[in-house]
Amino acid sequence: MMTRRLTQLLLGLAMYGISLAMFIRAGLGLDPWDVFHQGVSEKTGLSIGVVVIVVSFLVLLLWIPLRQMPGIGTLANAVLVGLFADLGLWLIPEFSHLGGQIPLLAGAVALNGIASACYIGARLGPGARDGLMTGIVRRTGWSVRLVRTGIEVTVLAIGWLLGGSVGVGTVVYALSIGPLVQLLLPRFMVPEGKPDAKPGVAAGAVLTRPETSFQGAGWHRGQK
């Protein structure tokens, strides 16, 4: 089961990074966090993949006062999404006409949904940004909707001011990614460990970790 979980995690993060590159090459707008990443990239001259990695670890520092503990999937997310985003940008050409941009945007949304379901379903820890959201919710008692909206509106506004791309793709992503992940997640969710049926093994001795449950992961950065 762990082999499946690790394989699913790595494939999910690789696809997530490639989907980010597809969004950028489509040129029709990014999701809120990636508007921020792109804006920082524009101002610093760093590749967007490097910015994603740096921001991930800075966000993880915010977990400390929230008493959040990262899982192996959290750390893998922080590194691999950025690496595969840069790889995708190297492989995928930029499109300047709608005949190429629209299919690329649609493919990016679909791939991102599959990627999110994969890495969340692996149950190996939330991404840094999702963990920040769930940590704030747990510590304050505020609603998930309020916290998530507050965080994403803030990073979207800052990213836009820095030169990040906001457009129809931002709206398409916001409206479609939730229903898409909800539809796909049951297909990729790794089942909880089951107690061993052999005599002498307690029925409650199920190998699970609270921080890697679906409830702890939220969904999609993000997933990242």
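Helix 3 and helix 4 are roughly antiparallel to each other, because their axes cross at roughly 165° and angles over 145 degrees count as roughly antiparallel. In this predicted model, the axes of helix 3 (residues 48-66) and helix 4 (residues 72-91) come within 7 Å, and the crossing of the two is right-handed. Helix 3 contributes to the contact through residues including Ile 48, Val 52, Phe 57, Leu 60 and Trp 63, while helix 4 brings, among them, Leu 75, Val 79, Leu 83, Asp 86 and Leu 89. Sorted by class, the contact of helix 3 with helix 4 holds 13 nonpolar, four polar and one charged residues.

A second pair to follow is formed by helix 5 (residues 98-121) and helix 8 (residues 168-188), whose axes come within 8 Å and cross at roughly 40°. Helix 5 and helix 8 are therefore oblique to each other, and their crossing is right-handed. On the side of helix 5 the contact includes Leu 105, Val 109, Asn 112, Ile 114 and Cys 118, and on the side of helix 8 it includes Val 172, Tyr 173, Ile 177, Leu 184 and Phe 188. The residues of this contact divide into 15 nonpolar, six polar and no charged.

These two pairs belong to a protein chain with nine helices and zero strands, so that its pattern along the sequence reads α-α-α-α-α-α-α-α-α. Of the 224 residues of the protein chain, 50% count as buried, and the accessible surface of the chain comes to about 11,000 Å², with 71% of that area belonging to carbon and sulfur atoms.

How values were computed: Residues are numbered from 1 along each chain as its sequence is written. This is a predicted model: local features need pLDDT of at least 70, side-chain atom pairs count only at pLDDT 80 or more; totals for chains, interfaces and linings use all residues. Side-chain values use heavy atoms; hydrogens and water are left out. Axes are lines fitted to C-alpha atoms, for helices over the stretch in contact, and angles run from 0 to 180 degrees between N-to-C directions. Helices (H or I, at least four residues) and strands (E, at least two) are DSSP runs, numbered from the N terminus. Angles under 35 degrees count as roughly parallel, over 145 as roughly antiparallel, 65 to 115 as roughly perpendicular and the rest as oblique. A crossing is left-handed if the near helix is turned anticlockwise from the far one by less than a right angle, and right-handed if clockwise. Contact means heavy atoms within 4.5 Å. Ala, Val, Leu, Ile, Met, Phe, Trp, Tyr, Cys and Pro count as nonpolar, Asp, Glu, Lys and Arg as charged, and the others, Gly among them, as polar. Buried means under 20% relative accessible area, exposed over 50%, partly exposed in between (1.4 Å probe, protein chains only). Accessible areas come from the Shrake-Rupley method with a 1.4 Å probe; for residues, only the protein chains shown count as cover.
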